Amino acid sequence: MHGPVLPGWLLAALCAATGSYCLLRMRSGSPRARGAAGGEAVMGFGMAAMAVPAAFLAPPPWMIAGYAVVFGGAALRALWLARGGAHHLHHVVGSLSMVYMALAMAPTGGGAAHTGHEGHSAGGVPLLTGVLLLYFAGYVLSTGVRLLPAAAGSAPTAAVSWGARPELALACRLSMGIAMLAMLITV
């Protein structure tokens, strides 16, 4: 990720923690919920890897191609699963956004002498970046609203394991949406 080092490390830590929680979620729930948690774990760990500051570790071209292939495959899988429900379309957009960011990370050959800033000449398409920023801002806001406490008169829920708590799964998705916004800003 191109940008300041400290926010990059914080973003990498947030995404790794989110991916770890998604792995924990894979231990409980229905097969469908476990599959969704597995896909979100891949997204979380992939985002963590891409968020590592470029000042610390500039990814070699093969790693950038690897990101594009992994997230391209995830997008195809999500597109296939979207036949069963529109929820998977968000995963298609998220995975394709990661492919876009991986390609935007790739150096364009001008070298640091021609770029004038931070030694990279890559960048995204401003219109596409803006559209993705709007999409993920809307996603973050709608997910955040769903996390607001329910009416005070609602009945308390029974004890549920950490891996099966729906509000934590929603918070996990919110964290990844916020991380996606932060990563898109640096494109």
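Tutor: A helix is a DSSP run of H or I with at least four residues, a strand is a run of E with at least two, and both are numbered from the N terminus. The model is predicted: local features need pLDDT of at least 70, side-chain atom pairs count only at pLDDT 80 or more, and totals for chains, interfaces and linings use all residues. Residues are numbered from 1 along each chain as its sequence is written, and side-chain values use heavy atoms, with hydrogens and water left out.

Student: How many helices and strands does the chain have?

Tutor: There are 7 helices and 0 strands. Read from the N terminus, the order is α-α-α-α-α-α-α.

Student: Where is Leu-57?

Tutor: Leu-57 sits in the loop between helix H2 (31-51) and helix H3 (61-81).

Student: Why does Leu-57 count as partly exposed?

Tutor: Buried means under 20% relative accessible area, exposed means over 50%, and partly exposed is in between (1.4 Å probe, protein chains only). Leu-57 has 45% relative accessibility, so it counts as partly exposed.

Student: What makes Val-5, Trp-9, Phe-56 and Leu-57 a patch?

Tutor: A nonpolar patch joins side chains of Val, Leu, Ile, Met, Phe, Trp or Tyr within 5 Å, taken from residues with over 30% relative accessible area and no salt bridge. Val-5, Trp-9, Phe-56 and Leu-57 form such a patch on the surface, with about 390 Å² of accessible area together. That area comes from the Shrake-Rupley method.

Student: Why does Ile-64 count as buried?

Tutor: Ile-64 is at 6% relative accessibility, and the limit is under 20%, so Ile-64 is buried. Ile-64 belongs to helix H3. Its C-alpha atom is 7.0 Å from that of Leu-103, although these residues are 39 apart along the chain.

Student: What is in the largest nonpolar core?

Tutor: A nonpolar core is a set of buried Ala, Val, Leu, Ile, Met, Phe, Trp, Tyr and Cys residues joined through side-chain atoms within 4.5 Å. The largest has 33 residues, and Met-47, Met-50, Met-98, Met-101 and Met-180 have the most contacts inside it. Helix H7 gives the most, with 8 residues.

Student: What makes Glu-40 and Arg-25 a salt bridge?

Tutor: The rule asks for a side-chain nitrogen of Lys or Arg within 4 Å of a carboxyl oxygen of Asp or Glu. The closest N and O atoms of Glu-40 and Arg-25 are 2.7 Å apart, so the pair passes. Glu-40 lies in helix H2 and Arg-25 in helix H1, so the pair ties together parts 15 residues apart in sequence. Both residues are buried.

Student: Why is the pair of Tyr-135 and Phe-136 called edge-to-face?

Tutor: Rings of Phe, Tyr and Trp (its six-membered ring) pair if their centres lie within 6.5 Å; planes under 30 degrees apart are stacked, over 60 edge-to-face, and the rest tilted. By this rule there is 1 aromatic pair. The centres of Tyr-135 and Phe-136 are 5.0 Å apart and the planes are at 85 degrees, so the pair is edge-to-face. Tyr-135 is partly exposed at 33%, while Phe-136, at 2%, is buried.

Technical notes: Patches are made of residues with over 30% relative accessible area and no salt bridge: like charges are joined within 9 Å, nonpolar side chains (Val, Leu, Ile, Met, Phe, Trp, Tyr) within 5 Å. Accessible areas come from the Shrake-Rupley method with a 1.4 Å probe; for residues, only the protein chains shown count as cover.
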